[in-house]
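Biologist: I'd like to learn how to read ring contacts and surface patches in a protein model. Could you walk me through them?

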Amino acid sequence: MNSYITVRNSQRLIYRRIEDERQKLKKQELLKNMLAGSEFSLKGNCAISLLLTKLDIINTILMMESGRSVIQQKTGRLKEYDSVCKKLEKKGLDFDFAIALEKINDLIGVRAVCAYVDDIYRVADLIEKQKDIKIIKKKDYIREPKKSGYQSLHLILEVAIAFQNETQWIKIELQLRTAAMDYWANLDHQLRYKRGRKEAHVIDEELQQCAAVISSLDQKMLKIRKKIDKI
């Protein structure tokens, strides 16, 4: 009798796990469809286009003041489905589109690479003055780098777009960094997927050292530019 009960409980557990997995896959498929859906993509691309245009205007204004291009490169993207799932799992969140919209700040993202560290803050100041942009949150990983050594200024924004005869505010993340910070971040992203458990500690330490060198280089280049500006 006890054996029969044990078998039945085991079967229930297996069935429950199968059902849980089925529900998880169903939610993932729904999330994938919503992220790829025309409305989200349309709004996201509109927000990206608007912010990229704003950055062009800001760069022109600062170029007139300084006689040089401040923003060297800019890109925009919608976060890929696999990356969204990984972030939801990391945060311990359900695979739900509404939750992803609320909890993940970089579903829609723009990155701008600036010439010097002080240019980053000049761009951020002008972004803050835009009437159709709201700054929701600011994460300054330049003044307070992440433990990994990562440096960048993150601005969580809401931008106003015209959609279906009304103004809608769309959340988008703007990352501002120098070319040196961008170089480090891109290589760190590539190496992260190749790190084994044994090598991780050593590699992390070396990456932190590289980040310190890059920070020192940015500061030295800024000092040189300021000396030239005075001349």
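Modeller: Let's go through the aromatic rings, then the charges over rings, then a surface patch. Keep in mind that this is a predicted model.

Biologist: How many aromatic pairs are there?

Modeller: The count is two aromatic pairs. One is Phe-40 with Phe-97, at 5.6 Å centre to centre and with 90 degrees between the planes, an edge-to-face pair. Phe-40 belongs to helix H2 (residues 38-66) and Phe-97 to helix H4 (residues 97-103), so this pair links distant parts of the chain, 57 residues apart.

Biologist: Are Phe-40 and Phe-97 buried or exposed?

Modeller: Buried means under 20% relative accessible area. Phe-40 has 10%, so it's buried, and Phe-97 has 16%, so that one is buried too.

Biologist: And how do the rings of Tyr-141 and Tyr-150 sit?

Modeller: Planes over 60 degrees apart count as edge-to-face. Here the planes are at 65 degrees, with the ring centres 6.0 Å apart, so Tyr-141 and Tyr-150 are an edge-to-face pair. Both Tyr-141 and Tyr-150 are buried.

Biologist: What lies over the face of Tyr-141?

Modeller: That's Lys-146, at 4.9 Å from the ring centre. Elsewhere, Arg-225 has its charged end over the ring of Tyr-116, 4.9 Å from the centre of that ring.

Biologist: Which residues form a nonpolar patch on the surface?

Modeller: Leu-217, Met-221, Ile-224 and Ile-228 do, and together they have about 370 Å² of accessible area. Take Leu-217, found in helix H7 (residues 197-230): its relative accessibility is 43%, so it counts as partly exposed.

Terms used: Residues numbered from 1 in each chain as written. Predicted model: local features only at pLDDT ≥ 70, side-chain atom pairs only at ≥ 80, totals over all residues. Heavy atoms only, no water. Phe/Tyr/Trp six-rings, centres within 6.5 Å; stacked < 30°, edge-to-face > 60°. Helix = DSSP H or I, 4+ residues; strand = E, 2+ residues; numbered from the N terminus. Buried < 20%, exposed > 50% of the residue type's maximum accessible area, 1.4 Å probe, protein only. Lys NZ or Arg CZ within 6 Å of the ring centre and 35° of its normal. Patch = residues over 30% accessible without salt bridge, like charges linked within 9 Å, V, L, I, M, F, W, Y side chains within 5 Å. Areas by Shrake-Rupley, 256 points an atom, 1.4 Å probe, with all protein chains shown as cover. Salt bridge = Lys/Arg side-chain N within 4 Å of Asp/Glu carboxyl O.
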